Amino acid sequence: MGIGYNEGNHIPWRWLPVPVPADKYPLLLEETERLLKKLEEHDLPSLIHTQDVAKVTKEFIRFLRLPRETSMPIILAALLHDIGKLRVASGILQKPHGIDAIEQILIQVHSNHGASIIQEGGLFPPEVAEMVEQHHEHYDGSGYPGQLTGSSITRGAQIIGICDVFAMLREDRVTQKARTLAEAKEYLAKNKAWFAPDIYESFLQYVAENYG
Ligand SMILES: [Fe+2]
Ligand SMILES: [Fe+2]
């Protein structure tokens, strides 16, 4: 069973972002585009990854049949999820292997940097910064930066989180070769505990319908 509104499932209210008023979209999209241009100049692979994640998120949200007003902040957060990499040296982001413990911390802090960048602009609703901050949290508490568990991770961040992992697995990067679809599904299954059970099930259905 999926988690779409039309299927009548109960979704705890705090899990979905507060809708953004439609007249605010153009300004928010303009600001998003401005930030993404900066990301492109700083680290092109991060921009390409962002586009992959935004595409998967958009499709998955459509699959879940979330209403447009609720989808919009999630899509904005997907577009901005790695914007904090603007504050991580591109030399570290591009390092093919041999990342040490300090560099690992410098990379992981991009979740906090991302939330700060979004808050500093003062334009986005707080939920967008919250989703960006939480996109590497895991349902079982093994994620970062807050080691949050279960429903303390917002629904939007849970959605972006699984789309981020899936998109990353399917990408050719300096650090990895793209996984096949079967390998990507196997990776998700192995790490099932990272994801909310209903999101995981729905995502597998989405993958079967769209990539099968
Ligand atoms: Fe990230
Ligand atoms: Fe990402």
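This is a predicted model: local features need pLDDT of at least 70, side-chain atom pairs count only at pLDDT 80 or more; totals for chains, interfaces and linings use all residues.
Local features are taken at pLDDT of at least 70 and side-chain atom pairs at pLDDT 80 or more, while totals for chains, interfaces and linings use all residues. Residues are numbered from 1 along each chain as its sequence is written, and chains are lettered from A and ligands numbered from 1 in the order in which they are written.

Two packed helices are described by the angle between their axes and the distance between the axes. Axes are lines fitted to C-alpha atoms, for helices over the stretch in contact, and angles run from 0 to 180 degrees between N-to-C directions. Helices are DSSP runs (H or I, at least four residues), numbered from the N terminus.

Helix 1 (25–42) and helix 2 (residues 44–64) have axes that come within 5 Å and cross at roughly 135°. The two helices are therefore oblique to each other. The classes are roughly parallel under 35 degrees, roughly antiparallel over 145, roughly perpendicular from 65 to 115, and oblique for the rest. Helix 1 contributes Leu36, Leu39 and Glu40 to the contact, and helix 2 contributes Leu44, Ser46, Leu47 and Thr50. Residues are in contact if their C-beta atoms, placed from the backbone, lie within 7 Å. By class, this contact has four nonpolar, two polar and one charged residues. Here Ala, Val, Leu, Ile, Met, Phe, Trp, Tyr, Cys and Pro count as nonpolar, Asp, Glu, Lys and Arg as charged, and the others, Gly among them, as polar.

Helix 2 also packs on helix 3 (residues 68–80), at an angle of about 160° and with the axes 8 Å apart. This pair is therefore roughly antiparallel. The crossing is right-handed, a term for a near helix turned clockwise from the far one by less than a right angle. Thr50, Val53, Ala54, Thr57, Lys58 and Ile61 form the helix 2 side of the contact, and Ser71, Ile74, Ile75, Ala78 and Leu79 form the helix 3 side. Seven nonpolar, three polar and one charged residues make up this contact.

The largest nonpolar core holds 41 residues. Such a core is a set of buried Ala, Val, Leu, Ile, Met, Phe, Trp, Tyr and Cys residues joined through C-beta atoms within 7 Å. Ala77, Val128 and Cys163 touch the most other members. Two or more residues each come from helices 1, 2, 3, 6, 7, 8 and 10. Helix 8 gives the most, with eight residues. Beyond four places in sequence, Cys163 touches Val53, Val56, Thr57, Phe60 and Ala78.

Most residues other than glycine have a negative phi, and most peptide bonds are trans. Arg65 has a phi near 60°, a positive value. Arg65 lies in the loop between helix 2 and helix 3 and is partly exposed, with 13 C-beta neighbours inside 10 Å. Gln147 also has a positive phi, of about 50°. Gln147 sits in the loop between helix 7 and helix 8 and is exposed, with 11 C-beta neighbours inside 10 Å. Pro145 is found in the loop between helix 7 and helix 8. The Tyr144 to Pro145 peptide bond is cis, with omega near 5°.

Asn191 lies in the loop between helix 9 (181–190) and helix 10. With 15 C-beta neighbours inside 10 Å, Asn191 is partly exposed. The C-alpha atoms of Asn191 and Glu31 are separated by 35 Å, at 160 residues apart along the chain.

Terms used: Two residues are in contact if their C-beta atoms, placed from the backbone, lie within 7 Å. A residue is buried if 20 or more other C-beta atoms lie within 10 Å of its own, exposed if 12 or fewer, and partly exposed in between; C-beta atoms are placed from the backbone.
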